[in-house]
Amino acid sequence: MSATTQTPQKLRTRKPLTVGVVAKNLTALVLAVVFVFPVYWMFSSSLKPQHEIMTKDPVFVFTPTFENYTTATGVDLFWTYVTNSLMVTIGAVVLALIVALAASFALARMKFKGRKGIVLIVMMAQMAPWEVMVIAMYMISRENDMLNSIPALTLIYFVMVLPFTMWTLRGFIAAVPVELEEAAQIDGCTRSQAFRKVIFPLLAPGLMSTSLFGFITAWNEFAMILMLNKEKESQTLTLWLTQFQTAFGSDWGATMAASTLFSLPVLIVFLFLQRKAVGGMTAGAVKG
């Protein structure tokens, strides 16, 4: 028997540091500090006493206190605002996913007259700022007795979230090979069964990324709720943030505490969806 010789694997050598690499790393570090510092300052200010927030010189070492959080959560109807925000946001996102999933499948797979025109309308609706529709939405809601209504606000937020959801999911569905669907139909599946068993499981990144975007959009929306829901019982947390500014000044400690609490649901949703959503943010928008 002849002995076989094995070629040793080449050892991976670390690339030497160059001026360009160091400059890129320093730039990334500076940008990270610039973007993270406001969040740090908001959170640290929420733990400071009022006299340490308003000092001329910034205070970095202090004794934490939760008094600001007690003030922020102690306002009237706080838990009503929390409930309303969750109902409106989750309802709008779920409705948008259901409608957009069916509509985007039709736009990506079916050939019919006017399909390109519908895609163009969806793209234009996505690009249009919704603030220009506040007056029209107010007049429609007033004429139909829909002011100060949580279900009506949910429908409006659903309309705001729908164009991006349709546009992104259409890209993800178009990226799935048609042959997979046809093979499932050859094996005996109907078109709806092929979609449910073959295409739908492959849409996880698209569903996660659109859910995250829709949640952030509906959760942060301010103009619509300010104009349409004047009664406190039908308001959300975005208006709760404005309750700490009065004619006598601003309670910055309570404002920072409220802002920190307001940001937590978005952070939790992002951490929960990030593995699927990060890859889906760009993939669905450029395919199809």
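Helix 4 (residues 78-109) and helix 7 (residues 150-175) have axes that come within 6 Å and cross at roughly 35°. Helices (H or I, at least four residues) are DSSP runs numbered from the N terminus; axes are lines fitted to C-alpha atoms, for helices over the stretch in contact, with angles from 0 to 180 degrees between N-to-C directions. The model is predicted: local features need pLDDT of at least 70, side-chain atom pairs count only at pLDDT 80 or more, and totals for chains, interfaces and linings use all residues. Residues are numbered from 1 along each chain as its sequence is written, and side-chain values use heavy atoms, without hydrogens and water.

The contact of helix 4 with helix 7 has 24 nonpolar, five polar and two charged residues. Here Ala, Val, Leu, Ile, Met, Phe, Trp, Tyr, Cys and Pro count as nonpolar, Asp, Glu, Lys and Arg as charged, and the others, Gly among them, as polar.

Helix 4 also takes part in lining the largest cavity, where it gives the most, with three residues. A cavity is a set of points, on a 1 Å grid over the protein atoms alone, where a 1.4 Å probe fits but cannot get out; lining residues have an atom within 4 Å of a point. The volume of the largest cavity is about 50 Å³, counted as the space filled by probe spheres set on the points, which are joined across faces, edges and corners. Its lining includes Ser-85, Tyr-157 and Glu-221, and divides into four nonpolar, four polar and one charged residue.

Methods
Helices (H or I, at least four residues) and strands (E, at least two) are DSSP runs, numbered from the N terminus. On a 1 Å grid over the protein atoms alone, a cavity is a set of points where a 1.4 Å probe fits but cannot get out, and a pocket is an open set with protein on both sides within 12 Å along at least five of seven lines; lining residues have an atom within 4 Å of a point.
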